[in-house]
Amino acid sequence: MKKIKQLLTLKVMLPMLALSSMTTFADEGMWQPNQLPTIAKELTKAGLKLNPNDLTDLTGFPMGAIVSLGGCTASFVSDQGLVATNHHCVYGSVQYNSTAENNLLKNGFLAKNFSEELPATPGSRIYVTEEITEVTKLIKSGVTEKMSGSDRYKTIDTNSKKLVAECENDDRYRCSVVNFHGGLEYYLFKQLTIRDVRLVHAPASSIGKFGGDVDNWMWPRHTGDYGFYRAYVGKDGQPADFSKDNVPYKPKHHLKVNKSSVDDGDYIMVLGYPGRTNRYRTAYEVENTFTWTYPQAKAYREEIIDLIHTHSAEGSAARIKYESTLAGLANYAKNYGSMIHSYNKGSFLQRKQELESNLTKWLYLSTKRQAQYGKALSGLDQLVKMDDKQQARDLILSYMRYSKMLSTAKSLHRLAIENTKPNLERERGYQERDIARFEQGMKSVDRRYDEKIDQEILVAMLRHYVALPKADRLQSFDKFFVLTNATAKNFNEQKLRKQLSKMYKNTQLNSEEQRLAWMTKSVADFNNSKDPFIQLAVTSFKERKAIEDKSKELAGNIQALRPKYMAALIAYFNDNDLPVYADANSTLRITYGNVKGYSPQDGLTATPFTTLEGIVAKDTGVAPFDAPQKQLDLINNKQYGEYAKKSLGSVPVNYLGTLDITGGNSGSPTLNDKAEFVGLVFDGVYESIIGDWDYDTKLNRSIHVDVRYMLWVMEHVDGATNLIEEMDIVE
């Protein structure tokens, strides 16, 4: 890291290009911590009581209490490493520890002391961001205008791996290089990585998932979407692998819990790791995504959901294994559906096209701008269209990953190939830094695999595969499955099923011992293997690698043009006094706003709070509206304890905010004007799902679990008083 520190002494340096104009629209924007002083007036006007400068210190309060789970966000809420996040973020760990005889998904889980806490899903991590450094010049070192796409991709990839390797010379840390504005800038993120994560508490799914997929993305909502992990370290206080001798981690900072919660109009903010937004994509990319990609992906997800439901009974061992998979499939199937709906009834594409028309006119008003940005937009669209030519094939092949046996065979074979290379030349996911997680993935297969369901998924995807034009198909797949002359009309599914039955019968990859043994095998061992899934992985590798190489060539060429397009767009926005912030990319961001209702349609106004009585009104006794009887009795008897909100005459369950969020923000703590914990953000309303692409200040609303409801359930339903006593509760 000496080289980096010599070049850049600041932990974070914001590109001035992107911030020369800072006029914001309402609460839009996912801001980097160091940007907050720049929008201090807007934050103060919204109601923030803290000095915005206090929020820029990654290791100070409150930023030091915010952590990533590698897909969800969470926060420390005690000095004993207690971590609060969403129920759906701990769901995989609850499922992992569930059996048909002890169904924790159904019954919930509570550890009354440290010794009762259960290991989370293998590979679970808690990441604490400590440093962010701009490394744009280092990443682009050696990149030239004339080099091929493949060479550009390789150069950037190699430079990135070198920086990560330097950063990870201390095994306590996990590092990553992330691009901003399509590759205009690059930053190195250094995160302390806690490897011993344990499940502490999760309410029953009838609370944590109340409303299920029916209520997902909807308002009014009554979901107790919360759960708790605990971070453990070695006795020396440093990250360590799981051991009974490990002790709870003592974070430098943790959040105080304000049980008074919030009122209508109050300032709130969410600190977290939003996944992906696409607000700077081109009009062509928008149109293709909403008219082709999302409809197709939605259909495949719904098909796999139906297959799992058809071939596993509710509460059976097979269904429990796939509950986490089902939740992920259903969430995005509904997500895609709502985005398609919003796109079709709105003017999003038209506004994108108008923006690009205005951008082009603006460019041609200046010969200097023409020379600087040239044909960035047209060139970028041309490359993206080339990449989309085989999108039907690529999407089908990607959904074959839901076949555990096929994906396991391909991963193990690729590991053997990558192991023949020097570490820095290996593909991401197969370097020495990845082996521990790879092994944990192999160990966890059995908990998420059922032979019958796996086979049905593969049959379904191959049925779609044979409908492809022959030019788009893989000769190795056709030969292996005897599909050379097969089409959608003459596809012999019965014959395929017989072949697959033999494959599943003869494979050894359904054994954890065998999977782990194959991790150290040579390429020759794979070539000589009689295992049918390994044979398929071997025989198809050459063609799959050719597809991968072609994709890298295109990606490298796109890496040359997208930054130019973004530079042009940012310059145009700045010239027109429009706000600019980077798309979400799973890095630490802050979004702020207020508690506020909305009007989703003419004549209808949604208030910002729901209450316990709404649970009783929705309850049917049948999932997903099957609240526990104990909870219903408490509500009917108005046993609110100390958690009732006077203005509501009941305990608030969920509330609405104007915050700009997306996937990855799940589990993020909702903080008040003093940075005290007042709930968890877990969803958005139906009308705001398209916010990943198109922000609407009138309709964008985030949904939060009210801290009062969390504490009420914990105390009166689940008896989690040990956790309440552990947290710092204030009013």
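Visitor: Let's start with α16: what covers its buried residues?

Guide: The cover includes α15 (404–418) and α20 (512–518). Keep in mind that we're looking at a predicted model.

Visitor: And which residues of helix α16 are buried?

Guide: Helix α16 spans residues 435–443, and its buried residues are Phe438, Gln440 and Met442. To read "buried", look for a relative accessible area under 20%.

Visitor: How many residues of α17 are buried?

Guide: That's 11 of its 15, so α17 is largely enclosed by the rest of the structure. Among the buried ones are Ile453, Asp454, Gln455 and Glu456, and Tyr465 is on the list too.

Visitor: How far does α17 reach from its first C-alpha to its last?

Guide: Helix α17, residues 451–465, reaches 21 Å, which is close to the 21 Å expected at 1.5 Å a residue.

Visitor: What happens at the start of α17?

Guide: Look at Asp450 there: one of its side-chain oxygens comes to within 3.2 Å of the backbone nitrogen of Lys452.

Visitor: Now the cysteines. How many disulfides does the structure hold?

Guide: First the general idea: a disulfide is a covalent bond between the sulfur atoms of two cysteines. This structure holds 2 of them. In one, Cys72 is joined to Cys89, with 2.1 Å from S to S. Cys72 sits in the loop between β1 (66–68) and β2 (73–76), while Cys89 belongs to helix α3 (residues 87–96), so the bond ties together parts that are 17 residues apart in sequence.

Visitor: Which cysteine does Cys167 pair with?

Guide: Cys167 pairs with Cys175, at an S to S distance of 2.0 Å. If you number the bonded cysteines in sequence order, the pairing reads 1-2, 3-4.

Visitor: Are Cys72 and Cys89 buried or exposed?

Guide: Both Cys72 and Cys89 are buried.

Visitor: Why is the disulfide of Cys72 and Cys89 called left-handed?

Guide: You read that from the torsion about the S-S bond: for Cys72 and Cys89 it is about -80°, so the disulfide is left-handed. For Cys167 and Cys175 the torsion is about -65°, so that disulfide is left-handed too.

Visitor: How do I read the way two helices pack? At what angle do the axes of α6 and α22 cross?

Guide: Picture a line along each helix, then check how the lines meet. The axes of α6 (residues 149–167) and α22 (residues 532–575) come within 7 Å and cross at roughly 80°. That makes α6 roughly perpendicular to α22. Residues making the contact include Gly149, Arg152 and Tyr153 from α6, and Asp549, Lys552 and Gly556 from α22.

Visitor: Which side chain makes a polar contact with that of Asp673?

Guide: Lys49 does, at 3.0 Å. Setting aside neighbours within four places in sequence, Asp673 is also in contact with Gly47, Leu48, Leu50 and Tyr267.

Visitor: Is Lys479 buried or exposed?

Guide: Lys479 is exposed, with a relative accessible area of 69%. You'll find Lys479 in helix α18, residues 475–480.

Visitor: How far apart in space are Lys479 and Ser540?

Guide: From C-alpha to C-alpha, Lys479 and Ser540 are 9.7 Å apart, and in sequence they are 61 residues apart.

Definitions and conventions:
Residues numbered from 1 in each chain as written. Predicted model: local features only at pLDDT ≥ 70, side-chain atom pairs only at ≥ 80, totals over all residues. Heavy atoms only, no water. Disulfide = S-S within 2.5 Å. Helix = DSSP H or I, 4+ residues; strand = E, 2+ residues; numbered from the N terminus. Buried < 20%, exposed > 50% of the residue type's maximum accessible area, 1.4 Å probe, protein only. Expected span 1.5 Å × (residues − 1). Polar contact = N/O pair within 3.5 Å; in protein donor to acceptor, adjacent residues only side chain to side chain. Contact = heavy atoms within 4.5 Å. Axes fitted to C-alpha atoms, helices over the stretch in contact; angles between N-to-C directions. Parallel < 35°, antiparallel > 145°, perpendicular 65-115°, else oblique.
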